[in-house]
Amino acid sequence: NMPSLEQAFQQQIDSKCKVEPQDWMPPAYRQSLTRQIAQHAHSEYVGMLPEAAWITRAPTLQRKSILLAKVQDEAGHAQYLYAALETLGVGREQAYLQLLNGAAKYLNIFNYPAMNWADVGMIGWLTDGAAIVNQVPLSRSSYGPYARAMIRICQEESFHHRQGFDLIRTMTEGTPQQRQMAQDALDRWWWPTLMVFGPPDADSPHSQRSMQWGIKLFSNDELRQKFIDQTVPQVHYLGLRVPDPCLKLDRESGHYKIGPIDWDEFKRSINGQGMCNQDRIQARNKAWEDGSWVREATAAYADKQAALKTE
Ligand code: 3HC
């Protein structure tokens, strides 16, 4: 007897055959992908804000051009992801409006302020480091347009990650004040970065289905652990200290054990009560308003061109 649509779909997923926009997909698969890709796109779009404030304050021309390139990359990442979202039937304008009216989620980490130049290094080294750990598996996820967007994004993220590490290394090899600045920034960014990977597996309502459908290839805790294991040695290489008195290398497993994560802080930061949530949404609304004349002008131009064609 013929397999049901759901069974055929699950066979497609299990055979690692990509799901493409024109394929049948369970409504819940479309909904979960729409939710995740929208947040991913918003994260890239809002993610430009914390470091943008430092483009005009970069200490050298070289650092300024690197930061410009990184922010420009992130704008592009947002565009790839909004384009992937459109293949699921969610228009760009609709997605933006959810962000602008505060309804949409984006990565917790972008609700923290970038206080000084060392923070710019931490965003590159830690946040983009976490983004790579999270995004490499997504480049193998079951939905074609999402996986393909990830391949290009991951290549550019590794440049972001390396430049952030290099920036912090320069500071740790600098004056005692610069070393202290780097340590203070690490103290402020370490724990919010661990939260980027999402709540513990036991409190992750989407993981089970997401993994069954090949959207998520590894669990939140698995990726968090992978990030910790690769980053702690880098912190020690730089002569910095991880702000976690419970940190301990478990010889058996080869994994670092960490202290408790403050999940209340996480919940506040993703539900509008973080340090910068309001400013981030206001900044995005201002950019939207400031850009409305461009949208009107291009629409007027398009209408004029269309009218010329019909004459
Ligand atoms: N920030 C904000 N919300 C988060 C979150 C985070 N770090 N982690 C989890 N959440 C939310 C989920 O969205 C979900 O809420 P919702 O139902 O309203 O969507 C809830 O918390 C429960 O979490 P789950 O683990 O059940 O949800 P998921 O299965 O979606 O897993 C995830 C969470 C791992 C973050 C997954 O959604 C994902 O991989 N998303 C894409 C990740 C992403 O944005 N990568 C980083 C790119 S941006 C960036 O780093 C730019 C840099 O270059 C500057």
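Me: Why is His 77 called buried?
Reply: In this predicted model, the relative accessible area of His 77 is 0%. Buried means under 20%, so His 77 is buried. His 77 is in helix α3, residues 61-86.

Me: Which residues does His 77 touch, apart from those up to four places away in sequence?
Reply: His 77 touches Glu 44, Ile 153, Glu 156, Glu 157 and His 160. To count as a contact, heavy atoms must lie within 4.5 Å.

Me: How do you know whether His 160 is buried or exposed?
Reply: His 160 has 0% relative accessibility. The cut-off for buried is under 20%, therefore His 160 counts as buried. His 160 is found in helix α6, residues 144-172. Leaving aside neighbours within four places in sequence, its contacts include Lys 70, Asp 73, Glu 74 and His 77. Gly 124 and Asp 128 are also in contact with His 160.

Me: What makes Arg 162 exposed?
Reply: Arg 162 is in helix α6. Its relative accessible area is 56%, and exposed means over 50%, so Arg 162 is exposed.

Me: Why does Glu 93 count as partly exposed?
Reply: Glu 93 has 48% relative accessibility. Buried is under 20%, exposed is over 50%, and partly exposed is in between, so Glu 93 counts as partly exposed. Glu 93 lies in helix α4, residues 92-100. From Glu 93 to Ile 270, 177 residues apart along the chain, the C-alpha separation is 22 Å.

Me: What puts Gln 282 among the exposed residues?
Reply: The relative accessibility of Gln 282 is 55%. The cut-off is over 50%, so Gln 282 counts as exposed. Gln 282 lies in helix α11, residues 277-290. Gln 282 and Phe 266 are 16 residues apart in sequence and 21 Å apart in space, C-alpha to C-alpha.

Me: Ser 141 lies in a loop. Is Ser 141 buried or exposed, and how do you know?
Reply: Ser 141 has a relative accessible area of 1%. Buried means under 20%, so Ser 141 is buried. The loop in question runs between α5 (117-138) and α6. Not counting residues up to four places away in sequence, Ser 141 touches Lys 18, Tyr 146, Ala 147, Gly 214, Ile 215 and Leu 217. For Ser 141 and Gly 214, 73 residues apart along the chain, the C-alpha atoms are separated by 5.5 Å.

Me: How do you know where the buried residues of helix α1 sit around its axis?
Reply: In α1 (residues 5-14), Phe 9, Gln 10, Gln 12 and Ile 13 are buried. They cover an arc of only 155° around the axis, which puts them on the same side of α1. An α-helix has 3.6 residues a turn, so residues three or four places apart point the same way.

Me: What covers the buried residues of α1?
Reply: The cover includes α2 (27-52) and α8 (207-212).

Me: What makes the phi of Lys 16 worth a remark?
Reply: Lys 16 takes a positive phi of about 55° although it is not a glycine. Most residues other than glycine have a negative phi. Lys 16 lies in the loop between α1 and α2.

Me: Why is Lys 16 called exposed?
Reply: Its relative accessible area is 72%. Exposed means over 50%, so Lys 16 is exposed.

Me: How many helices and strands does the chain have, and what makes the chain as compact as a globular protein of its length?
Reply: The chain has 12 helices and 2 strands. Its radius of gyration is 21 Å, close to the 19 Å that the globule rule gives for 311 residues, so the chain is as compact as a globular protein of that length. Of the 311 residues, 49% count as buried.

Me: What share of the contacts with a separation of 6 or more comes from residues 24 or more positions apart?
Reply: Such residues account for 76% of those contacts.

Conventions
Residues numbered from 1 in each chain as written. Predicted model: local features only at pLDDT ≥ 70, side-chain atom pairs only at ≥ 80, totals over all residues. Heavy atoms only, no water. Helix = DSSP H or I, 4+ residues; strand = E, 2+ residues; numbered from the N terminus. Rg over C-alpha atoms; globule rule 2.2 N^0.38 Å. Buried < 20%, exposed > 50% of the residue type's maximum accessible area, 1.4 Å probe, protein only. Arc of directions from axis to C-beta.
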